[in-house]
Amino acid sequence: MNKLVIASRESKLAMWQAEHIKARLETLYPQLQVEILGMTTQGDQILDKTLSKIGGKGLFVKELEQALQDGRADIAVHSIKDVPMNLPAGFALAAICEREDPRDAFVSNNYSSLHELPAGAVVGTSSLRRESQIRARFPHLTIKPLRGNVQTRLRKLDEGEFDAIILAAAGLKRLELAERIRAELAPSESLPAVGQGALGIEIRADRSDLLELLAPLNHADTAACVSAERSLSRVLGGSCQIPIGGFATITDDVITLGGFVAHPDGSVMLTASASAPRDYADALGRAVAKQLLEQDAAPLIAAVIAEQADK
Ligand SMILES: NCc1[nH]cc(CCC(=O)O)c1CC(=O)O
């Protein structure tokens, strides 16, 4: 193989991520010519509705999968957070790359932490996961929807629409906007989204010719943690439509996974955690999901989905 095409969304963050993978491939394979095919997705175009309403994650990846299908691209680089738990038939994840900072970041021009915000202060986020966790701890704050790419969200903050916003630290760091971070939220305060901070490389399942080429991009520890997180979310039918979080760490080949599901208003917060040897990542995800189901996560999730549909 002498030429490889990467499909990517066109947002600055997505392009940074695609360029990062391109650079890594070019270092690994000096003979390989790597091109980036930028495209906009429905998720980038529909900005007036929250993700929980327009149907969530698949929207950021479908067009890229179409490019893989048509042979216009060989691989697609995604924030794995945006990739549905079940890929459509005929596609596969070939590599999960080393995770950047998985935490959520507090960004504000006037305040240095959530604790400092006065009653009625407006916090921007369209993530039900972030919303539920903030409302559970800080019921006196007002949450308002905020969508768009990282730059758009920062602009809306700077224009004064919000007192603070919450963004993934990873995106800000990759875009050299780390100075905008006023505080990083510990996973105990804001459990990250499943896969947050990690990149996933998707291919057509029949392109086994790419597996060896992409293998060095896989980061074994990140891949194990992300499989535990995605397995948890898969069992619970995780999507942007429900407040759900999952975050795994690995020490000495033991993975520890924490997860939660909640009501968006923070009134119910079910949590669970467990550990397992690294080879049992998938089973660990299912075990933590089972603990949540034993706390009646299923009717909570059904009620939340019904409420979202009514809004
Ligand atoms: N939902 C959009 C999205 N998808 C991935 C990231 C950040 C980077 C990452 O998690 O890898 C973001 C922005 C955000 O949540 O602030």
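In strand S13 (269-277), Ser273 is the bridge partner of Gly258. Strand S12 (residues 254-262) pairs with S13 in the antiparallel sense over 9 bridges, two strands being taken as paired if DSSP finds at least two bridges between them. The model is a predicted one, in which local features need pLDDT of at least 70 and side-chain atom pairs count only at pLDDT 80 or more, whereas totals for chains, interfaces and linings use all residues. Residues are numbered from 1 along each chain as its sequence is written. Helices (H or I, at least four residues) and strands (E, at least two) are DSSP runs, numbered from the N terminus.

The open sheet comprises 3 strands in the order S11-S12-S13, with antiparallel pairing. S11 and S13 stand at the edges with a single partner strand each, so one side of each lacks a neighbour in the sheet. On average, neighbouring strands of this sheet are turned by 15° against each other, direction ignored; the axes are lines fitted to C-alpha atoms, for helices over the stretch in contact, and angles run from 0 to 180 degrees between N-to-C directions.

UniProt lists residues 224-293 as "domain: Porphobilinogen deaminase C-terminal" (unreviewed entry). Over residues 224-293 the chain is 36% helix and 37% strand, with the end C-alpha atoms 23 Å apart. UniProt also places "modified residue: S-(dipyrrolylmethanemethyl)cysteine" (unreviewed entry) at Cys240. UniProt positions follow the numbering used here, feature names are shortened, and annotations may be inferred rather than shown by experiment.

Cys240 is located in the loop between helix H9 (220-235) and strand S11 (244-251). Cys240 counts as buried because it has 26 C-beta neighbours inside 10 Å. A residue is buried if 20 or more other C-beta atoms lie within 10 Å of its own, exposed if 12 or fewer, and partly exposed in between, with C-beta atoms placed from the backbone. Val83, in the loop between strand S3 (75-79) and strand S4 (91-96), is also buried, with 24 other C-beta atoms within 10 Å. Val83 and Gly58 are 25 residues apart in sequence, and their C-alpha atoms are 6.5 Å apart in space.

The ligand is surrounded by Ser79, Lys81, Asp82, Leu167, Ala168, Ala170, Gly171, Gln196 and Gly197, a residue being near a molecule if its C-beta atom, placed from the backbone, lies within 6 Å of it. Strand S8 (164-168) and helix H7 (169-174) each supply at least two residues of this shell. Domain 1 (1-99 + 198-218) and domain 2 (104-185) both give residues to the shell, so the ligand lies between them; domain bounds come from an automatic or database domain assignment.
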